[in-house]
Each structure stands twice: as structure tokens, then as C-alpha cells.
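Please study the sequence and the structure before reading each solution.

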Amino acid sequence: MNPLVPGCPKLLPSLIVLCLSIGLCQAQTAGGKTTITEWQYGKNGALSITYDDASRHQFTRALPLMQRLKLPATFFVITGPITGSKYHGKFVGRPVQDIIRESATIPTSQQNFLERCSAAGYLGYQGTISYHTRAGGLYSSGKKEQAYHWMDSLYAKVRNGDFPAGYEPCPEYKDAIGSSWDDFRKDVAVGYEIASHSITHATMPGMDEANIRYELEKSKEEIKTQLGDKYTFSTEVPYGYEDDRVMQIAYKIYPALRNRMPEPFLKEIDRASRTQPHPADKDYVQWQRGPLHNTPLDLMQSWVDTTAASKDLWLVLVFHGIDSLGWEWTPIPKLEEYFKYIKGKEDQLWIATFGDATKYMREREHAKASTEESNGSISIKLTHSLDPTMYDLPLTLKTYIPANWTKVIVTQGTNTQSPTVRHDDQGAYVLYQQIPNSTNALLKSNP
């Protein structure tokens, strides 16, 4: 290569001027080559801040902090306790008194466990929900005999009258009491994502299909009624379970699950895993990390640094309790320092809601950009094969332009952009947003 003219083949000195003047070096002068960047705005990586359970302090203490820093987030909300909700916890099935009577003579087994565990929180007594939670967890981990024992113990105590009458939900449900749909309407209006975390924070591996569907479908219906279709895209099955039977039911109800989201282009690492994000043989890596009360701040910051230094990483942070309320709560001073650190990396990271990051990846993987040059302009057609009513997020395109274009104007319909002209080893280019499956984008020199 000629050291004086990057990108040009080694030429005789008398031809160097000719190369420069008539454009034999394509990288220096040609335009039109277009790619879709890995992440929005051409950022190195993506980061999503998510919260589970909707405990009050998430909205009264963490949300104001994020608003000051202009950081988006996704809140996976238990919908039952929210003021104004129509759907609340219940057992879908035969009368629970029949189940209680039957338990006196028929031990719990594979044949009846899911029904009994589904009904456990709705037997008419306080204190029974913890048996549902414990047994469902044991069943999910393969300890089925222990799960059956917990159900037999519960129903024996119910028959003996060991519990006070009434209904008592799980602790996560109680911590969410106090928010309203009016509050959430204000939150989504400024860019936050409200998503489903079921009606009651039920332990779904221990439930039959009818009751799983009730928890997920009615939570989705509640959100649709209160906030609109846009917020029925994402969900998180409680406790982070990845139980295959539950996942197969949930996939049919929600387009995106934080628990598990099988895609041919995505490597997933859950928050309990010690697996490192690299090496990876997929286009993207979803790297979940769950900061706990005692997680060192420098470790939390290292996750951000690793993501900023990569091209394929999507860091999904999972918070629960905030400032003394909720499971493994994070104190506000620590949260503030961490969020300021994240904000300081915004030039390298696309900070987005869980739903938007998911949509961007899927759109990009199913998109095609075609280029046509004529009359001193570049026309870009951008399409994807997904449902355009659901997948309408603009994608970031990188288009190389002629070397003599020092300013560029991009128009798509009534939208106009004036992106900065940048340079890399292939030549001059611009980054801009284009809405897929719409009119072509037109790039022109803007002298």
C-alpha cells in the first residue's frame, strides 16, 4: 500500500496525483455503502436498567434519581396491588373445600401436586402462601418428594385449623401497595417502560396451566387497559424461573421474556451465572447481572466497563428492593453513585428500556437496507419482515458518502436530520435514524 495515500495501491509517483483527482481510490470518494449499526446511535454496547416487583421505593426514591440523570428504565410490575386494578389473585379450578377434603385421604403426588400448589394461597387462611412459594421452588429444582411433603404438611395444618382465617399475599405483593395506574401513566409519558410481573408474584413452576395463564394473561390485559398495547411487550416470570413448561406458556402470551428469550442470534447469561460473556458465537450477548445489597460498587462498575468496551454486549441490570424496602435492597447513595457512573459512559453505551433493546436487536436481525445513487443523492430503502405494528423502532444506519460532502441532510417523509460527517479507514460516513417499512431516506450534500 502507498503510505502517503491510505487505501490506494502502490503507484508510480507520477500517478499519485491522478489517483487523488479522479477518484481511483474508492474508499476516499465513493458513497452509498450502508450498514445497520449493532446498537442505536452506533454505540459500543447497550445497557438496560430493570426493576422487579414494583416496591414503592422504586418509584418514590429511585425514579426521581433517574429522572434527574435522564436515564430510562423498565419496571416489571406486580399488577394486583396497584390502585385501580381490576384483576386480583384467585384460584382457577374446582372448589378449594373439595381439594382440602380430598387431601385427608389422598397424599400429594405428581397427579395432584400442581392443583394443590396452585390453590395453596387461596384456601381461606393467612400464612399459606409461603408453602406455595417453597413447594413451587422445590418442584422446579427437581426435589419433587420434598415439594409433595410441603403440600401434605400445609393441607394437614389447614384441616387442623392451625391458620387464622383470611387471605395474605406474599411479601413482594405487600411492598407494591401504594402505587396507582395514574402514577404509571405519568411515568410512561416521559419514557419509562411498565411491564408485567404477573398479578400476585406467584411461583409458577408449582402451578397448573390454567392458573399460570390467569396470572400472565390478566396482568397483560390490565396493563393494556390502563396503559395501552405498547406496554404488553415485555414480562418477567417471578423469581426469575426458567422452567421450560412455564416458559412455553409465557412465550405464547408475551413477545419478550427477561427470564429466557431463545433467539438464534442471542447468547443469554442469567444473573446467577458465573459464565463470562466472551467468547460468544452469536451476534449479541444478553448479560444479566443482579446487584444485591452487599454487591461491591467496583464490581458493578466493572460490568459497565466490560459492556462499553465490547460491540455485542447488552448488560441487563436487575434491581429489587430500594432503600430499606424490598428484597436485597440497594441504598440510594450507592444507587446514585452507580447511576452517575453509568451516565458518564453514555457516549459509549446506548441506555435503553428492556423492550426497546429487544426490538432493536430483532429488527436489525430481520432488516435489509438497499441503496440507490442518482442525481447526486443517495436513497436508502429499509425494510424488515417483522410485524410493523409492534416493531416500529427507528434503526441507526451508517452510510458512506462521497469525500467532497462536508455537510449532509437526511430526509424521510417530513423528518429531517443533519448528521455529523465522520471518518474511518473506509472513508467519510454519517450515522442517522431511519424508520423501517416506511418511505425511503434521502441523503444529499448540504453545502
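Predicted model: local features only at pLDDT ≥ 70, side-chain atom pairs only at ≥ 80, totals over all residues.

**Exercise 1.** Identify the salt bridge between Glu115 and Arg94, and state which parts of the chain the pair ties together.

*Solution.* Step 1: the closest N and O atoms of Glu115 and Arg94 are 2.8 Å apart. Step 2: a salt bridge requires a side-chain nitrogen of Lys or Arg within 4 Å of a carboxyl oxygen of Asp or Glu, so a pair at 2.8 Å qualifies. Step 3: Glu115 belongs to helix α5 (residues 113–119), while Arg94 lies in the loop between β3 (74–77) and α4 (96–102), so the pair ties together parts that are 21 residues apart in sequence.

**Exercise 2.** Describe the salt bridge between Glu102 and Arg116, and say for each residue whether it is buried or exposed, or partly exposed.

*Solution.* Step 1: the closest N and O atoms of Glu102 and Arg116 are 3.9 Å apart. Step 2: this pair links distant parts of the chain, with Glu102 in helix α4 and Arg116 in helix α5, 14 residues apart. Step 3: Glu102 has a relative accessible area of 24% and is partly exposed, whereas Arg116, at 0% relative accessibility, counts as buried. Step 4: Arg94, Glu102, Glu115, Arg116 and Asp152 are linked in a network of salt bridges.

**Exercise 3.** Explain how Lys340 and Glu336 are placed in helix α13.

*Solution.* Step 1: their side chains meet in a salt bridge, with 3.4 Å from N to O. Step 2: Lys340 and Glu336 are 4 residues apart in helix α13 (residues 332–343), so about one helical turn separates them. Step 3: Lys340, with a relative accessible area of 47%, is partly exposed, and Glu336, at 26%, also counts as partly exposed.

**Exercise 4.** Characterise the largest cavity by its volume and its lining.

*Solution.* Step 1: a search of the whole structure finds 1 cavity of 30 Å³ or more. Step 2: the largest cavity holds about 140 Å³ of space. Step 3: 19 residues line the largest cavity, and the closest to its centre are Tyr122, Ile129, His132, Thr200 and Ala202. Step 4: at least two lining residues come from each of α5, α6 (129–140) and α10 (209–227). Step 5: the lining comprises 10 nonpolar, 7 polar and 2 charged residues.

Notes. Residues numbered from 1 in each chain as written. Heavy atoms only, no water. Buried < 20%, exposed > 50% of the residue type's maximum accessible area, 1.4 Å probe, protein only. 1 Å grid on protein atoms, 1.4 Å probe; cavity = no way out; pocket = protein on both sides within 12 Å on 5 of 7 lines; lining within 4 Å. Points joined across faces, edges and corners; volume = space filled by probe spheres on them. Nonpolar A, V, L, I, M, F, W, Y, C, P; charged D, E, K, R; others polar.
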